[in-house]
Amino acid sequence: MHDLLIVGAGPYGLSIASHAAAAGLDVRIFGRPMASWRDHMAQGMFLKSEPWASDLSDPAGHYGLAAFCAREGLRAEHGHPLPIGHFSAYGLWFAERAAPPVDERLIASVRACAGGGFEARTQDGEVHHARAVALAVGVMPFTQTPPALRGLGPEHASHSSHHGDLARFRDQDVTVLGAGQAALETAALLAEQGTRVRILARSPQVNWNTLPPAWERPWWEAMRAPHTGLGCGWRNWFYARTPHLFRRLPEPMRAQVAASALGPAGAWWVRERVESGVETLVGRQVHSVELAGGRVRVRTSGADGEGPSFATDHIIAATGFRATTRRIHVLAPELRLALDSLDDETPYVSNAFETSCPGLFLAGLTTASSFGPAMRFVYGASFTAGRLVRGVERHLRGRPTRGVVHPLTSDASGERVNLVPG
């Protein structure tokens, strides 16, 4: 019976494992380290976040990205994008030095045990038991694809995260849906390899982030728009530095901010690559598709009615991710259905990242509606790891935890109180 079993070995899972091991917990972590970054991002992509805002978290702070890059002779400077391959290598380096050994098998299911604790079964059938479980499953379970594409097979439609290598589309005609970084950088890479590519976006225009201001600048400029791990500005400072205060906002406000803040935009360094070689159709969305002669016939629509139609070989939906309780398929159905949710979709978590099932913790994208936009980025791993592990320690001691207003149970002060012992 382990103290903590972690499902997922990306930035959040590895950071939690590092903090848990340092706290003296008997911890097991399962998953292929940095799998999303190694397998589901196209070769040639760069990290959009600044290198200094992309650290995995160990309690002593000895294993940051800068330390890895200095050791390997790599450039990790403010205002200079870092190749995704370098970041993936950093994650593997962190896993070897700052976290307990990773079992690279995947967990097939997690269920609650009648006598307490949890049972986790690997895909090859081995069973492990733990007093607490932390799900750090990343974004891959939550891919979002427009309904109009769901009748097409994978040979004609896919999500952008399905492609670690875009070479198969060389000399083809490809349509990329979306106006965020994934869409724009995917389109640029396709164009640069000889693919005829167009971007189709619902937004009325493509938004671009500007070159960040210098790291060292006059104090009055820094006061107007401070640097943060999520970009410049005081609003971003609030999201980045105070997730615990964000959680105290009214639930409808949190949901709205989580869905809209830091919306689709391209990095400054990819703009010229897109504008010089990619056709862009904005204010349009896919109305319907049909197969004809081995190609996809696309009809579009916009606010002004029916738009242009065209034929394409493949549609790549760079349309993001939507983390809902029902999509956490690693949880046994009875456990998934028993979890309390915010707005009937997003899992509820306490101020220690604990769900309504005592001992079951969540990390990463699934917690953005509770702790804010920082949970959508690597930057949120540091805040999450320390607080979540402290919550696990309280659970193991059988101490209650307190949270903010919850729609089902609250005390006289309006704060939810979990009185179920671990």
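C69 is buried, at 1% relative accessible area. C232, in contrast, counts as partly exposed at 30% relative accessibility. A search of the whole structure finds zero disulfides. The model is a predicted one. The protein has 13 helices and 21 strands, and its radius of gyration of 22 Å is close to the 22 Å that the globule rule gives for 422 residues, so the protein is as compact as a globular protein of that length.

**Overall dimensions and surface**

- The C-alpha trace spans about 60 × 55 × 45 Å along the principal axes of the protein.
- Of the 422 residues in the protein, 49% are buried.
- The accessible surface amounts to about 19,000 Å², and carbon and sulfur atoms account for 52% of that surface.
- Contacts between residues at least 6 apart in sequence join residues at least 24 apart in 64% of cases.
- The protein carries 42 positive and 39 negative side chains. The centres of these two sets lie 4 Å apart.

**Strand β14: R297 and S301**

- Strand β14 covers residues 295-302 and contains R297; S301 also has its place in β14.
- S301 is buried at 14%, because buried means under 20% relative accessible area.
- R297 and S309 are 12 residues apart along the chain, with 7.2 Å between their C-alpha atoms. S309 is also among the contacts of R297 once neighbours within four places in sequence are left aside.
- S301 and S288 are 13 residues apart along the chain, and their C-alpha atoms are separated by 9.0 Å.
- Not counting residues up to four places away in sequence, S301 touches G283, R284, Q285 and H287, and also E306 and G307.

**Strand β16: H314**

- H314 is placed in strand β16, which runs over residues 314-317.
- The relative accessible area of H314 is 1%, so this residue is buried.
- Which residues does H314 touch, not counting those up to four places away in sequence? They are P154, E155, H156, A157, S158, H163, R168, F169, D173, V174 and T175.

**Loop residues with positive phi**

- M34 is not a glycine, yet has a positive phi of about 60°.
- M34 is found in the loop that links β2 (27-30) and α2 (35-39).
- The loop holding F353 lies between β18 (346-347) and β19 (360-362). F353 is buried, also with a relative accessible area of 0%.

**Helix α2: D39**

- D39 is found in helix α2, the helix that spans residues 35-39.
- At 33% relative accessibility, D39 counts as partly exposed.
- D39 touches R32, H163 and G164, leaving out residues up to four places away in sequence. H163 is also one of the residues touched by H314.
- D39 and S88 are 49 residues apart in sequence, and the distance between their C-alpha atoms is 9.9 Å.

**Loop between α6 and α7: A225**

- A225 lies in the loop between α6 (219-224) and α7 (234-241).
- A225 counts as partly exposed, at 25% relative accessibility.
- Which residues does A225 touch, not counting those up to four places away in sequence? The residues are R217, C232 and G233. Of these, C232 is itself partly exposed, at 30% relative accessibility.
- A225 and H2 are 223 residues apart in sequence, and in space their C-alpha atoms are 46 Å apart.

Conventions. Residues are numbered from 1 along each chain as its sequence is written. This is a predicted model: local features need pLDDT of at least 70, side-chain atom pairs count only at pLDDT 80 or more; totals for chains, interfaces and linings use all residues. Side-chain values use heavy atoms; hydrogens and water are left out. Helices (H or I, at least four residues) and strands (E, at least two) are DSSP runs, numbered from the N terminus. The radius of gyration is taken over C-alpha atoms; the globule rule is 2.2 Å times the number of residues to the power 0.38. Buried means under 20% relative accessible area, exposed over 50%, partly exposed in between (1.4 Å probe, protein chains only). Contact means heavy atoms within 4.5 Å. Accessible areas come from the Shrake-Rupley method with a 1.4 Å probe; for residues, only the protein chains shown count as cover. Lys and Arg count as positive and Asp and Glu as negative; His and the chain ends are not counted. The place of a charge is taken as NZ of Lys, CZ of Arg, CG of Asp or CD of Glu. A disulfide is a pair of cysteine sulfur atoms within 2.5 Å.
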